[in-house]
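Subject: Structure handover

Hello,

Here is the structure I promised to pass on. Please open it alongside this note; my findings follow below.

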Amino acid sequence: MFLDFDNDGWPDLLLVNGHVYPEVDSQHLGSNFQEPRILYHNHGDGKFTDISASAGPGITKAISSRGLAVGDLWNDGRMSAVVSNMNAPPSLLVNQVRTPNHWVALRTVGTKSNRDGIGARIRLRAGARTLIDEVRSGSSFDSNNDMRVHFGLGTAAKIDWVEVRWPSGFLERFENVGVDGVRTIKEGTGAPASPAAGKN
């Protein structure tokens, strides 16, 4: 799953895995039933660095994992993860990274569209960058992420605008959306926008 664990505006990548069959350990085939997690840090230039070794025992401990869900579990802007494991209790990977970077989480409420706004495409302008994401249900195997759309904003302390194209086809823009908190975006309460306006 992609998650911006340091809110620098560039989604990082967390992978969990494990072999399907425990018997693989006894066959000496070069792979193991239990495998460590992998965390890649996104540099924002198309390159990632493997920082797993310094990410703590929740990442480095070998275990056979299956499902992965990410979300802001404490509403403090720090994305954490819950992992389901084979023949073991689930893992809670708590994000303890503290940075001065800003963030926002957007909860969509559909009126003409479905209630949760699933499928809504969100564009957000903050400083020199335009960030894009979608409201999704489901994530990894048998898992469901936090459905609020999380944006790390880096050093940007202000959001210029948020534009939402709802599943109904309605396109609207919201302004005066505050940073560093969970904000609710309700279909029909913004200003109608034209596709050309979204290019600004």
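Two strands count as paired if DSSP finds at least two bridges between them. Keep that in mind for the strand contacts below. One caution before the details: this is a predicted model.

Overall picture

The chain has 2 helices and 15 strands. Its C-alpha trace spans about 65 × 35 × 30 Å along the principal axes. Of the 200 residues, 40% count as buried. Among contacts with a separation of 6 or more, 54% join residues 24 or more positions apart.

Strand pairing, E2 to E4

Strand E2 (residues 12-15) runs antiparallel to strand E3 (residues 38-42), with 3 bridges between them. Leu14 has Leu39 in E3 as its bridge partner. E3 also pairs with strand E4 (residues 48-50), again in the antiparallel sense and over 3 bridges. There, His41 stands opposite Thr49 in E4. E3 and E4 make a hairpin with 5 residues between them. Gly44 sits in that turn and has a positive phi of about 85 degrees.

The E5-E6-E7 sheet

Three strands form an open sheet in the order E5-E6-E7, with antiparallel pairing. Strand E5 (65-71) and strand E7 (88-93) are the edge strands, each pairing on one side only. From one strand to the next, the twist averages 15 degrees. E5 and strand E6 (residues 80-85) share 5 bridges. Within E6, Ala81 is the residue opposite Val70.

Nonpolar cores

Which members of the largest nonpolar core touch the most other members? They are Leu106, Leu124, Phe151, Leu153 and Val162, out of 20 residues in that core. Four strands each supply at least two of its residues: E8 (102-109), E9 (121-126), E11 (149-154) and E12 (161-165). Neighbours within four places in sequence aside, Leu106 is in contact with Ile122, Leu124, Arg148, Val149, Phe151, Val162, Val177, Arg183 and Ile185. A second, separate core has 12 residues, including Leu14, Leu39, Ile59 and Met79.

Rings and charges

How many aromatic pairs are there? The count comes to 0, with ring centres required to lie within 6.5 Å. Charges over rings do turn up. The charged end of Arg129 sits over the ring of Trp10, 3.7 Å from its centre. Arg173 lies over the face of Trp161, at 4.1 Å from the ring centre.

Backbone points to check

Asp142 has a phi of about 55 degrees. Its place is in the loop between strand E10 (129-134) and E11. Is Asp142 buried or exposed? Asp142 counts as exposed because its relative accessibility is 74%, and the cut-off for exposed is over 50%. The other is Asn176, with a positive phi of about 60 degrees. Asn176 lies in the loop between strand E13 (171-174) and strand E14 (182-186). Asn176 is exposed too, with a relative accessible area of 77%.

Over to you.

Best wishes

Methods:
Residues are numbered from 1 along each chain as its sequence is written. This is a predicted model: local features need pLDDT of at least 70, side-chain atom pairs count only at pLDDT 80 or more; totals for chains, interfaces and linings use all residues. Side-chain values use heavy atoms; hydrogens and water are left out. A nonpolar core is a set of buried Ala, Val, Leu, Ile, Met, Phe, Trp, Tyr and Cys residues joined through side-chain atoms within 4.5 Å. Buried means under 20% relative accessible area, exposed over 50%, partly exposed in between (1.4 Å probe, protein chains only). Contact means heavy atoms within 4.5 Å. Rings of Phe, Tyr and Trp (its six-membered ring) pair if their centres lie within 6.5 Å; planes under 30 degrees apart count as stacked, over 60 as edge-to-face and the rest as tilted. A charge sits over a ring if NZ of Lys or CZ of Arg is within 6 Å of the ring centre and within 35 degrees of the ring normal. Axes are lines fitted to C-alpha atoms, for helices over the stretch in contact, and angles run from 0 to 180 degrees between N-to-C directions.
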